[in-house]
Amino acid sequence: MAVLGNPKETIAILNKYGFMFQKKFGQNFLIDSHVLEKIIRAAEITKEDCVLEIGPGIGTMTQYLCESAGKVIAVEVDKNLIPILTEDTLAGYDNVRVIHADVLKLDLKQLIQEENGGRPVKVVANLPYYITTPIIMGLFEAGVPLSSVTVMVQKEVADRMQAGPGSKDYGALSLAVQYYAAPYLAANVPPNCFMPRPNVGSAVIRLTLHEKPPVEVADERLLFQIIRASFAQRRKTLVNGLTNSPELNYSKEEITGFLSACGLPATVRGETLTLSEFARLADVMKAGA
Ligand code: SAM
């Protein structure tokens with residue numbers, strides 16, 4: 001069994017199976033053992049843990065996960081990678097289950113019920129960058145039992161996830177992520193740690209799930225509609241953003257009244273509001289609706 005995490009063994013496996021990278025699946029395989037060790041450390045994996053890995057590729061990080069976790073569930077969409085994983089790179093491990101599926105179409109709640117008795121799992125992934133946000137938000141919003149999500153993402157996305165009010169990176173993704181989890185930037189990763197090299201910088205971010213959200217709101221759906229509307233037209237005032245939203249149905253006067261009830265001026269911009277201020281606004285709008 002090849003021990004991966006370096007260019008030589010990675011190339012040998014790719015050649016052995018005649019594997020061709022597929023751009024549509026966002027395939028950039030890790031070839032740096034230091035980065036792999038950092039990810040495992042950041043995720044704080046122990047033998048007590050069941051880990052869900054999204055997109056194992058040729059199984060590089062999966063090998064590290066199998067060494068440190070009790071159990072690993074690896075979900076890979078590319079059928080050409082399945083024989084590499086099951087017959088070769090993961091053949092020496094009896095604590096891994098490889099599933100050939102699109103993670104966005106899987107019932108993860110049911111899978112975790114079957115594999116881990118419904119107890120929270122840790123997600124670890126070097127995510128395909130084109131579907132980072134739907135994967136992470138899908139995990140949170142579906143109420144999949146999770147204790148943490150440690151992921152390699154585009155550096156710019158990691159910055160947005162941990163940004164606060166007033167920063168240029170602050171937006172709907174920052175608020176959505178911080179509603180569910182506490183972000184921690186574990187490492188910056190340059191393009192030369194991957195094969196092929198991506199044309200953007202990457203970062204490992206750990207999202208530790210809150211036991212309960214840091215703010216309480218009467219209507220969570222309304223909160224996120226307001227957040228989306230506030231950042232859809234970033235340069236506009238909050239009054240205009242909320243009035244123009246196709247998801248909300250309030251007049252300019254009503255919105256101005258709601259802001260005033262929250263002690264906010266009519267000229268305020270969404271990018272200056274904290275999560276608590278958005279939650280207060282959602283409750284005022286709910287009560288006034
Ligand atoms: N974990 C490997 C590594 O670090 O070397 C591969 C990471 S690569 C950036 C992303 C992986 O996710 C690829 O193997 C790709 O085929 C897989 N993938 C892409 N879309 C997926 C999806 N919707 N469901 C499951 N896997 C997916």
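**A few notes on this predicted model**

1. Let's begin with Ser230: a polar atom of its side chain lies 2.6 Å from the backbone oxygen of Ile226. The model is a predicted one, so please read the distances here as computed from it.

2. Where does Ser230 sit? Ser230 is found in helix α9, which covers residues 220-232. With a relative accessibility of 4%, Ser230 counts as buried, because the cut-off for that label is under 20%.

3. Which residues surround Ser230? Leaving aside residues up to four places away in sequence, Ser230 touches Leu238, Leu242, Gly270 and Phe278. One of these, Leu242, is 12 residues from Ser230 in sequence, and the two C-alpha atoms are 6.2 Å apart in space.

4. Now to the helix packing. Helix α1 (residues 7-17) and helix α4 (residues 82-89) have axes that come within 11 Å and cross at roughly 115°. The two helices are therefore roughly perpendicular to each other, since that class runs from 65 to 115 degrees. The crossing of α1 and α4 is right-handed. On the α1 side the contact involves Ile13, Lys16 and Tyr17, while α4 contributes Pro83, Ile84, Glu87, Asp88 and Thr89.

5. Finally, the cysteines. How many disulfides does the structure hold? The count is 0. Cys50 is in no disulfide, and the nearest cysteine sulfur, belonging to Cys66, is 11 Å away; a disulfide would need the two sulfur atoms within 2.5 Å. Cys50 is buried at 4% relative accessibility, and Cys193 also counts as buried, with a relative accessible area of 5%.

Methods: Residues numbered from 1 in each chain as written. Predicted model: local features only at pLDDT ≥ 70, side-chain atom pairs only at ≥ 80, totals over all residues. Heavy atoms only, no water. Buried < 20%, exposed > 50% of the residue type's maximum accessible area, 1.4 Å probe, protein only. Helix = DSSP H or I, 4+ residues; strand = E, 2+ residues; numbered from the N terminus. Contact = heavy atoms within 4.5 Å. Polar contact = N/O pair within 3.5 Å; in protein donor to acceptor, adjacent residues only side chain to side chain. Axes fitted to C-alpha atoms, helices over the stretch in contact; angles between N-to-C directions. Parallel < 35°, antiparallel > 145°, perpendicular 65-115°, else oblique. Left-handed = near helix turned anticlockwise from the far one by under 90°.
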